[in-house]
Amino acid sequence: FANAKIIVAAHGTALTNVLFCMPGAAVIEISPANLVQSVFFWMTRKMGLGYDYLIGSRGDLQQNFTADVTALKQKVETLLSGQRT
């Protein structure tokens, strides 16, 4: 996380590692439609990091879900081009 420019990850406790990101990094959080929470939005904002999200399909009992790869690619390309959300 300390050397990453962009973090792309499913919602979960591993995203707590954004605490080790350097200024200027950005996070794209992928969440199932039935488990949208804002904790990492607020964490990244407090740290001055970029943040975007992608809402996928509804998760099942184990929170398995799918996400639109084309939409994710577009979000990554936007961040790489220097545009912040």
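A residue is called buried when its relative accessible area is under 20%, exposed when over 50%, and partly exposed in between (1.4 Å probe, protein chains only). By this rule, buried residues make up 29% of the 85 residues in the protein. The model is a predicted one, in which local features need pLDDT of at least 70 and side-chain atom pairs count only at pLDDT 80 or more, while totals for chains, interfaces and linings use all residues. Residues are numbered from 1 along each chain as its sequence is written, and side-chain values rest on heavy atoms, with hydrogens and water left out.

The fold contains 2 helices and 3 strands, taken as DSSP runs (helices H or I, at least four residues; strands E, at least two) numbered from the N terminus. Along the sequence they follow the order β-β-α-β-α. The C-alpha trace spans about 35 × 25 × 20 Å along its principal axes.

Turning to the charged side chains, a search of the whole structure gives 2 salt bridges, each defined by a side-chain nitrogen of Lys or Arg within 4 Å of a carboxyl oxygen of Asp or Glu. One of them joins Lys-75 and Asp-52 at 3.2 Å, N to O. This pair links distant parts of the chain, 23 residues apart: Lys-75 belongs to helix α2 (residues 69-80) and Asp-52 to strand β3 (residues 50-55). Asp-52 counts as buried because its relative accessibility is 11%.

Lys-73 and Glu-77 form a salt bridge at 4.0 Å, N to O. Both lie in helix α2, 4 residues apart, or about one turn of the helix. Here Lys-73 is exposed, at 53% relative accessibility, and Glu-77 is partly exposed, at 44%.
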